[in-house]
Amino acid sequence: MADLNKKQIEEGKETVEFFKDLDQKAFNVEQGLEKHSKTIGIVFGVLILAVLGFFGYKQFIVGPQNEEATKAFLTAQANLSKGDNDLALGGKSAANPGFVGTYNEYSATDAGKLAAYNAGLIEFKKGNFQKAYDLLDKFSSDNKTLMAMKYGAMADCSANLNRSDDAMANMDKAATASKDAYTTYYFTKKAGMLALSLNKKAEAKKYFATIDEKYQDYDNGQSDAYIEMTKYY
């Protein structure tokens, strides 16, 4: 995944942001050894087998899968950069896996998961909001900014499907998922505007008050106007 992790990822429906590299997942092993001497040998033996099994899995299965997934992802990304959304989406033949095929084949890899995210954004642009929602829902990452973008996009899908409660719930997740100040501000503002459009004035005021308190540097003083809107909208 080294090649993939060095590439900056341009995503978003309404904003275009370059995000940090995907976090590499650490492998943590926790073990508890029995105090009784008779069981120490057994536990130690099991641990050795587990470690050998893990490194064998990483070397002979995950390693090659990551490489193949990265190749498929970058090919789909190249097609997307050329503006060929259908070819980038792919999934209709083994010759052109695209983002859909990359996820279906390599869903356990970072590239596979990110492929589901990109496929969801393409389906959103095509107006296939339920397909987009389902693909976005398959994406997961340790990168909290990407997760915020995922929830924000899912909220937009739900809004277009007239599922207001789900839209509001996902937009709230988007507003709280990341520690990045601008990302949090952006989705907090979107959450406030969405709440306002749904006549949830108390919730809208809460989001706008958060902006007024924490993110005035990004808002150019607009938060006061938004709070005032909750009284009359």
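The charged end of K206 is placed over the ring of Y207, 4.6 Å from its centre. A charge is counted as over a ring if NZ of Lys or CZ of Arg is within 6 Å of the ring centre and within 35 degrees of the ring normal. R163 likewise lies over the face of Y133, at 5.0 Å from the ring centre. The model is predicted, so local features need pLDDT of at least 70 and side-chain atom pairs count only at pLDDT 80 or more, while totals for chains, interfaces and linings use all residues. Residues are numbered from 1 along each chain as its sequence is written, and side-chain values use heavy atoms, with hydrogens and water left out.

The chain contains 12 helices and two strands. Helices (H or I, at least four residues) and strands (E, at least two) are DSSP runs, numbered from the N terminus. Along the sequence the pattern is α-β-β-α-α-α-α-α-α-α-α-α-α-α. Of the 233 residues in the chain, 40% are buried. Buried denotes under 20% relative accessible area and exposed over 50%, with partly exposed in between (1.4 Å probe, protein chains only). The accessible surface of the chain is about 13400 Å², and carbon and sulfur atoms account for 51% of this surface. These areas come from the Shrake-Rupley method with a 1.4 Å probe; for residues, only the protein chains shown count as cover. Where contacts in the chain join residues at least 6 apart in sequence, 51% are between residues at least 24 apart. A contact is defined by heavy atoms within 4.5 Å.

The largest nonpolar core comprises 52 residues, and those with the most contacts inside it are F99, Y117, L136, F187 and F208. Such a core is a set of buried Ala, Val, Leu, Ile, Met, Phe, Trp, Tyr and Cys residues joined through side-chain atoms within 4.5 Å. In soluble globular proteins, nonpolar side chains tend to be buried together.

F99 belongs to helix α4 and is buried, with a relative accessible area of 0%. Leaving aside neighbours within four places in sequence, the contacts of F99 are F73, A76, Q77, L80, A88, L89, A115, N118, A119 and I122. The C-alpha atoms of F99 and A69 are 9.8 Å apart, with the two residues 30 apart in sequence. Helix α4 covers residues 98-105 and is mostly covered, with six of its eight residues buried. These are G98, F99, V100, G101, T102 and Y103.

Helix α5 (residues 110-125) has 16 residues and spans 23 Å from its first C-alpha to its last, close to the 22 Å expected at 1.5 Å a residue. The expected span is 1.5 Å times one less than the number of residues. In α5, 15 of the 16 residues are buried. Just after α5, G127 has a positive phi of about 85 degrees.

Helix α9 (residues 181-197) has 17 residues and reaches 24 Å between its first and last C-alpha, close to the expected 24 Å. Of the 17 residues in α9, 12 are buried. The buried set includes T183, T184, Y185, Y186 and F187, as well as K190, G192 and L196.

A search of the whole structure gives eight aromatic pairs. The ring centres of F124 and F129 are 5.2 Å apart and the planes are at 65 degrees, so this pair is edge-to-face. Rings of Phe, Tyr and Trp (its six-membered ring) pair if their centres lie within 6.5 Å; planes under 30 degrees apart count as stacked, over 60 as edge-to-face and the rest as tilted. Both F124 and F129 are buried. Ring pairs also link Y182, Y185, Y186, F187 and Y218 into a cluster.

Positive phi values are found at two asparagines in loops. Most residues other than glycine have a negative phi, and most peptide bonds are trans. N162, with phi near 60 degrees, is found in the loop between α7 (144-160) and α8 (164-177). N162 is exposed, with a relative accessible area of 70%. N199 has a positive phi of about 65 degrees and is placed in the loop between α9 and α10 (201-214). At 53% relative accessibility, N199 also counts as exposed.
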